[in-house]
Amino acid sequence: MTALSVRGLEKSFGGLRVTREVNLDVAPGERRLIIGPNGAGKTTLFNLITGELRPDRGSILLFDRDLTRTTSRRRAHLGMSRTYQIITLFPRDTLLRNVTMSLLGLTPLRWNPLVRLDAQQHLIEQARTALERVGLAHLAARPLSETSYGERRRVEIAMALAQNPKVLLLDEPFAGLSVEERREVQKLLADIPREVTIVMIEHDMDVALGFAERISVLHFGEVIVEGTRAEVVANPRTREIYLGE
Amino acid sequence: MSRARVLAILVALVVLIAAPYWLPGTYYVNIATQILIYAIFALGMDVLLGYGGLVSLGHAGLFGVACYGIAVVLAAGWGHAAAIVLALVVTVAVTAVFALMSLRATGIGFLMITLALGQILWGLAYRWISVTNGDNGLNISSRPAPFGFDLGDASAFYYAVLVVFVLVFAAMALFVASPFGASLRGTRDQPRRMNALGYHVWMIRFCACLFSGLLTAVAGILFVYYNQFISPQALALTASAEVVLMVIAGGAGTLLGPVVGAALVVIMKNVVSAYIARWNFMLGAIFVAIVILMPEGLVPGTVRFCRWVRKGLWGPLPRIAADPEPGR
């Protein structure tokens with residue numbers, strides 16, 4: 001059984017084939033890295049996997065369950081969570097409320113117009129725990145607009161983790177972070193238990209290579225090389241594409 | 001709730017309940033009634049505009065459906081209770097159809113579709129003469145008498161409207177603080193994220209439209225009983241724009257803003273126009289001043305101003321709240 005499986009995925013925008021015959025098989029608990037130069041179609045692949053885009057052809061399976069025709073919101077309920085490369089949070093709300101919104105999304109309570117959200121203690125406690133996990137509990141009451149970029153990155157991760165996903169998709173979690181912040185996020189990701197399968201897009205090879213067990217190299221929408229860390233690094237095609245040699 | 005807030009609510013209630021006694025005459029009691037009716041209408045608009053981020057220019061049409069609903073059912077010889085229930089049901093049903101069509105888009109698209117649908121209803125009221133009596137409008141012979149209270153008198157009707165207003169305001173306060181209210185605000189600020197988090201963005205917006213339509217219907221019913229007359233003018237585009245302006249001037253996405261905005265517009269229209277011939281010009285000038293000095297609306301603007309004064313006049317001006325989504 002695979003945690004996440006992508007079969008023959010195709011997507012074109014007009015004449016531009018952004019995703020070409022992509023196949024991925026990610027085992028449960030695996031840490032998979034997807035690398036590739038700018039414009040390789042990495043984020044598009046994520047958008048296809050999470051259902052924000054509909055593929056032209058191919059299928060997507062989560063623990064052998066076909067999700068190709070399932071809506072994006074339904075996939076969240078089935079255990080798929082993601083972070084965004086460009087931070088998409090609720091800027092007027094506090095960090096605690098941001099994470100609470102993430103938890104609320106998976107409970108039927110989200111439809112309830114007759115109770116106070118602030119009175120939902122169990123939900124708020126869970127949100128606080130999720131913030132603790134990323135080391136932001138002390139900022140819980142602060143509005144998001146008054147936090148640093150690095151802190152927002154961690155809120156993104158806290159929101160994704162709060163949903164207790166089976167498969168976590170991280171879109172460049174280290175983008176724009178300082179060396180020190182990178183180390184914090186790196187440690188944070190290393191602490192995620194093995195019940196969670198992680199697929200990550202990342203440009204920063206130093207942190208990313210340390211994290212991943214298997215790597216897929218995407219180039220012009222195609223998976224060119226796939227294998228273990230050592231295999232991919234040793235492969236001449238990787239060097240050709242990625243280092244321009 | 002803080003003690004100061006409870007006290008403020010009590011004071012406001014006492015002032016509103018005592019209004020027929022401290023206001024100088026029946027004319028002013030009627031103005032107060034109008035303010036409350038428009039405040040309900042504006043609160044209904046605020047659900048969509050302030051909390052949902054969806055600007056509708058067709059709400060006067062929905063308002064009119066409720067008004068004509070009452071008038072037509074009464075003319076057919078049915079009672080007030082039946083008229084009110086039918087007007088509510090029909091208006092919410094029409095809102096549902098409107099929402100199905102206009103929620104295919106957001107932003108300008110939503111605005112244009114609601115505008116077109118509102119104009120269709122206005123056209124119907126104007127041209128479907130066999131039902132609406134066209135430009136001449138329809139009269140209503142009497143007001144209802146709930147539990148034996150005669151509402152014919154200005155003060156009695158004021159109290160009836162006040163009871164409905166307090167109920168609507170309480171419902172809004174509950175809605176805003178509820179998980180569903182938070183969901184709606186989420187779809188306003190980050191629709192894409194909300195979808196990825198497992199929320200049904202379209203359905204949340206649809207439910208918000210229905211709630212907005214319900215409040216609009218309530219306002220329409222009170223309006224037609226207040227005037228005991230309805231004509232196509234109430235459905236015109238200017239009426240839709242007016243309620244949008246009330247919400248924006250008072251402060252979209254706040255509870256008190258639409259009430260303050262409604263008071264401002266009604267007072268300008270009725271009281272100031274008695275003294276100044278060019279009252280429309282005055283209203284325009286006030287709107288321009290609001291947009292320049294308090295672009296977030298009178299209520300949040302005043303709160304910001306008070307904080308600034310309290311911190312000492314020498315401190316820096318507090319910034320306007322961050323733009324929800326500068327990237328989009």
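In the predicted model, strands S1 and S4 of chain A run antiparallel and are joined by five bridges. Strand S1 of chain A spans residues 4–13, and strand S4 of chain A covers residues 57–62. Within this pair, A:Ser5 stands opposite A:Leu61 of S4(A), while A:Glu10 has A:Arg57 of S4(A) as its bridge partner.

S1(A) also pairs with S2(A), again in the antiparallel sense, over seven bridges. One of the facing pairs places A:Lys11 opposite A:Thr19 of S2(A). The two strands form a hairpin with two residues between them, and A:Gly14 in the turn has a positive phi of about 65°. A further antiparallel pairing, over two bridges, links S4(A) with S5(A). Here A:Leu62 has A:Arg65 of S5(A) as its bridge partner, and A:Leu61 is bridged to A:Asp66 of S5(A). The hairpin made by S4(A) and S5(A) likewise has two residues between the strands, and A:Phe63 adopts a positive phi near 45° in this hairpin.

Together these pairings build an open, antiparallel sheet of four strands in chain A, with the order S2-S1-S4-S5. Strands S2 (16–26) and S5 (65–66) of chain A have a single partner strand each and stand at the edges, so one side of each is left without a neighbour in the sheet. Helix H1 of chain A, residues 42–50, lies across S1, S2 and S4 of chain A and runs at about 65° to S2(A).

The secondary structure of chain A as a whole amounts to nine helices and 10 strands. For its 245 residues, a compact globule would have a radius of gyration near 18 Å; the value for chain A is 18 Å and therefore agrees. Along the principal axes, the C-alpha atoms of chain A fill a box of roughly 55 × 40 × 35 Å. Buried residues account for 46% of the chain A residues. Of the contacts in chain A with a separation of 6 or more, 68% are between residues 24 or more positions apart.

Chain B contains 14 helices and two strands. Its radius of gyration is 20 Å, in agreement with the value near 20 Å for a compact globule of 328 residues. The C-alpha atoms of chain B fill a box of roughly 65 × 50 × 40 Å along the principal axes. Of the 328 residues of chain B, 46% count as buried. Residues 24 or more positions apart supply 74% of the chain B contacts with a separation of 6 or more.

An example of a buried loop position in chain B is B:Gly251. This residue lies in the loop between helix H11 (237–250) and helix H12 (257–275) of chain B. B:Gly251 has 26 other C-beta atoms within 10 Å and is therefore buried, the threshold being 20 or more. Leaving aside residues up to four places away in sequence, B:Gly251 touches B:Gly257, B:Glu296, B:Gly297, B:Leu298, B:Val299 and B:Pro300. For B:Gly251 and B:Val299, a sequence separation of 48 residues goes with a C-alpha to C-alpha distance of 5.7 Å.

The largest nonpolar core comprises 166 residues, among which A:Ala158 and B:Ile40 touch the most other members. Helix H2 of chain B, residues 26–51, contributes the largest share of this core, 17 residues. Apart from residues up to four places away in sequence, B:Ile40 touches B:Val164, B:Phe165, B:Val168, B:Leu215, B:Val218, B:Ala219 and B:Leu222.

The contact between the two chains involves 28 residues from chain A and 24 residues from chain B. On the chain A side, the elements giving two or more residues are helix H2 (72–77) and helix H3 (95–104) of chain A. H2(A) gives the most to this side, with four residues. By residue class, the side of chain A that touches chain B consists of 13 nonpolar, eight polar and seven charged residues.

Definitions and conventions
Residues are numbered from 1 along each chain as its sequence is written. Chains are lettered from A and ligands numbered from 1 in the order in which they are written. This is a predicted model: local features need pLDDT of at least 70, side-chain atom pairs count only at pLDDT 80 or more; totals for chains, interfaces and linings use all residues. Two residues are in contact if their C-beta atoms, placed from the backbone, lie within 7 Å. Ala, Val, Leu, Ile, Met, Phe, Trp, Tyr, Cys and Pro count as nonpolar, Asp, Glu, Lys and Arg as charged, and the others, Gly among them, as polar. Two strands pair if DSSP finds at least two bridges between them. Axes are lines fitted to C-alpha atoms, for helices over the stretch in contact, and angles run from 0 to 180 degrees between N-to-C directions. A nonpolar core is a set of buried Ala, Val, Leu, Ile, Met, Phe, Trp, Tyr and Cys residues joined through C-beta atoms within 7 Å. A residue is buried if 20 or more other C-beta atoms lie within 10 Å of its own, exposed if 12 or fewer, and partly exposed in between; C-beta atoms are placed from the backbone. The radius of gyration is taken over C-alpha atoms; the globule rule is 2.2 Å times the number of residues to the power 0.38.
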